[in-house]
Amino acid sequence: MPKFYAIHYTEKVRIPKLTPEQAEGLKKAIGEAATKMPAVKFNGVMWNPDTGIGVCDIDAPDLKAVEEFNKAIGASPNDIVVQVEPLVL
């Protein structure tokens, strides 16, 4: 299945620090969306808490599925969603 990264790097779309309540709500939304969209696998988010720059890792059949998943979970906006693959060396 294709892998996508949703990248947040410009000032307007960086990932904000979440309160414990916001984090719990997002976790719940991800679980609910995953149940409704079994073809999409949310692998997690890596970020720098000092800058808010982050990357969300999602496996999905296509870009449209990623966008629908992000909308369903109420994800913060991103700069770009890009399909990626391993670099074979």
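Q: Which residues touch the most other members of the largest nonpolar core?
A: Val40, Ala60, Val66, Phe69 and Ile73 do, out of 14 residues in this core. A nonpolar core is a set of buried Ala, Val, Leu, Ile, Met, Phe, Trp, Tyr and Cys residues joined through side-chain atoms within 4.5 Å. The largest share, four residues, comes from α2.

The model is predicted: local features need pLDDT of at least 70, side-chain atom pairs count only at pLDDT 80 or more, and totals for chains, interfaces and linings use all residues. Numbering starts from 1 along each chain as its sequence is written, and side-chain values use heavy atoms, with hydrogens and water left out.

Q: Why is Phe69 called buried?
A: Its relative accessible area is 0%. Buried means under 20%, exposed over 50%, partly exposed in between (1.4 Å probe, protein chains only). Phe69 is therefore buried.

Q: Why is Phe42 called partly exposed?
A: Phe42 has a relative accessible area of 24%.

Q: What makes Phe42 and Phe69 a stacked aromatic pair?
A: The centres are 6.1 Å apart and the planes 20 degrees apart. Rings of Phe, Tyr and Trp (its six-membered ring) pair if their centres lie within 6.5 Å; planes under 30 degrees apart count as stacked, over 60 as edge-to-face and the rest as tilted.

Methods: Helices (H or I, at least four residues) and strands (E, at least two) are DSSP runs, numbered from the N terminus.
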